[in-house]
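Here is a friendly briefing to read alongside the sequence and the model. Keep both in view as you go through the topics below.

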Amino acid sequence: EGQTSKAVTILVRGGSKTVVDEAKRSIHDALCVARNMVVNNLIIPGGGATELNASIAVFDEAEKIGTAEQYAMKSFAEALEVIPISLAENSGYSPIDYVGNLKAKQISEKNPSLGVDCLRKGTNDMLVQNVYESAKSKMQQLQLATQVVKMILKIDDVIASTEYAVSYTHLT
C-alpha cells in the first residue's frame with residue numbers, strides 16, 4: 001500500500017474470441033495514440049480536414065507540372081479525399097456533394113481546419129468542435145500511404161518497361 005506502481009494489467013473478457021480480439025486491437029490502438037501523444041504532443045484538426053487540405057496542396061502542385069507525373073499526383077490527391085468522403089458517408093451526408101462543397105469552402109475561406117461535421121454541431125471548423133488528432137499519427141499515415149504509392153509506381157514502371165522491351169523485340 002502507498003506505493004505507486006507503473007505497471008497496469010488490463011483484463012479483457014467477451015462473448016467470443018472475435019469480440020476479445022477486437023477489444024484487444026482497440027486497446028492497443030488507443031495505447032499507441034497515447035504513446036504518440038507523450039512522444040509528440042502536437043495536434044492537428046480532425047474530421048478529415050488535414051487530408052482535404054493535403055489533397056488541395058498536392059493537386060495545386062500537380063497543376064504546376066507539365067509532365068505525365070501530374071496525373072499520378074492528381075490521383076494521389078484524389079485518394080487523400082477518401083477519408084473525408086468516408087466520414088461524410090458514415091455521418092449520413094451525400095459524400096461527393098458534401099466533400100466537394102467542403103473543399104470549395106476550405107479553399108475560399110483559406111481555412112485548413114474545416115472538416116466533416118460528423119457530430120452535426122452546425123460548424124465544419126474542427127478547432128471550434130474540439131476535434132483533433134495526433135500530428136505524429138497523421139504523419140505516419142501519410143508517409144506510409146506515400147511509400148505504398150511509390151512502390152506501386154515502381155512496380156508499374158518495371159512491368160511497363162518489361163512489356164515495352166518484349167513488344168519492341170517482336171517488332172524487330
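This is a predicted model: local features need pLDDT of at least 70, side-chain atom pairs count only at pLDDT 80 or more; totals for chains, interfaces and linings use all residues.

Residues are numbered from 1 along each chain as its sequence is written, and side-chain values use heavy atoms, with hydrogens and water left out.

**Overall fold**

- The protein chain has seven helices and two strands; helices (H or I, at least four residues) and strands (E, at least two) are DSSP runs, numbered from the N terminus.
- Read from the N terminus, the elements follow the order α-β-α-α-α-α-α-β-α.
- Of the 172 residues in the protein chain, 25% are buried. Here buried means under 20% relative accessible area, exposed means over 50%, and partly exposed is in between (1.4 Å probe, protein chains only).
- Among contacts in the protein chain with a separation of 6 or more, 56% are between residues 24 or more positions apart; a contact means heavy atoms within 4.5 Å.
- The protein chain has an accessible surface of about 12,200 Å², and carbon and sulfur atoms account for 60% of that surface. These areas come from the Shrake-Rupley method with a 1.4 Å probe, and for residues only the protein chains shown count as cover.

**Nonpolar groups, inside and out**

- The largest nonpolar core has eight residues: L52, A88, Y93, Y98, V99, L102, L114 and V116. Helix α5 (residues 95–109) supplies the largest share of this core, three residues.
- A nonpolar core is a set of buried Ala, Val, Leu, Ile, Met, Phe, Trp, Tyr and Cys residues joined through side-chain atoms within 4.5 Å.
- Leaving aside residues up to four places away in sequence, L114 touches A49, L102, K105, Q106, E109, N124 and D125.
- On the surface, L144, V148, M151 and I152 form a nonpolar patch with about 370 Å² of accessible area together.
- Patches are made of residues with over 30% relative accessible area and no salt bridge; like charges are joined within 9 Å, and nonpolar side chains (Val, Leu, Ile, Met, Phe, Trp, Tyr) within 5 Å.
- M151 belongs to helix α7 (residues 135–171) and is exposed, with a relative accessible area of 53%.

**E81 and its partners**

- E81 sits in the loop between α3 (69–80) and α4 (82–90), and with a relative accessible area of 11% it is buried.
- Not counting residues up to four places away in sequence, E81 touches L52, S55, V99 and K103.
- The side chains of E81 and S55 are joined by a polar contact of 2.9 Å. A polar contact is a pair of N or O atoms within 3.5 Å; within protein, one must be able to donate a hydrogen and the other to accept it, and residues adjacent in sequence count only if both atoms are side-chain atoms.
- E81 also forms a salt bridge with K103, with the closest N and O atoms 2.7 Å apart. K103 lies in helix α5 and E81 in the loop between α3 and α4, so this pair ties together parts that are 22 residues apart in sequence.
- K103 counts as partly exposed, at 22% relative accessibility.

**Other salt bridges**

- The whole structure holds eight salt bridges, each defined as a side-chain nitrogen of Lys or Arg within 4 Å of a carboxyl oxygen of Asp or Glu.
- K17 and D21 form a salt bridge at 3.1 Å, N to O. Both lie in helix α1 (residues 17–39), four residues apart, about one turn of the helix.
- K17 is exposed, at 62% relative accessible area, whereas D21 is partly exposed, at 34%.
- K138 pairs with E133 in a salt bridge whose closest N and O atoms are 3.3 Å apart. K138 is buried at 5% relative accessibility, while E133 is partly exposed at 22%.
- E22, R25 and D29 are linked in a network of salt bridges.

**Backbone spots to look at**

- Most residues other than glycine have a negative phi.
- R120 is not a glycine, but its phi is positive, near 50°; R120 is in the loop between α5 and α6 (126–129).
- N130, also not a glycine, has a positive phi of about 60°. N130 is in the loop between α6 and β2 (132–134) and counts as exposed, at 56% relative accessibility.
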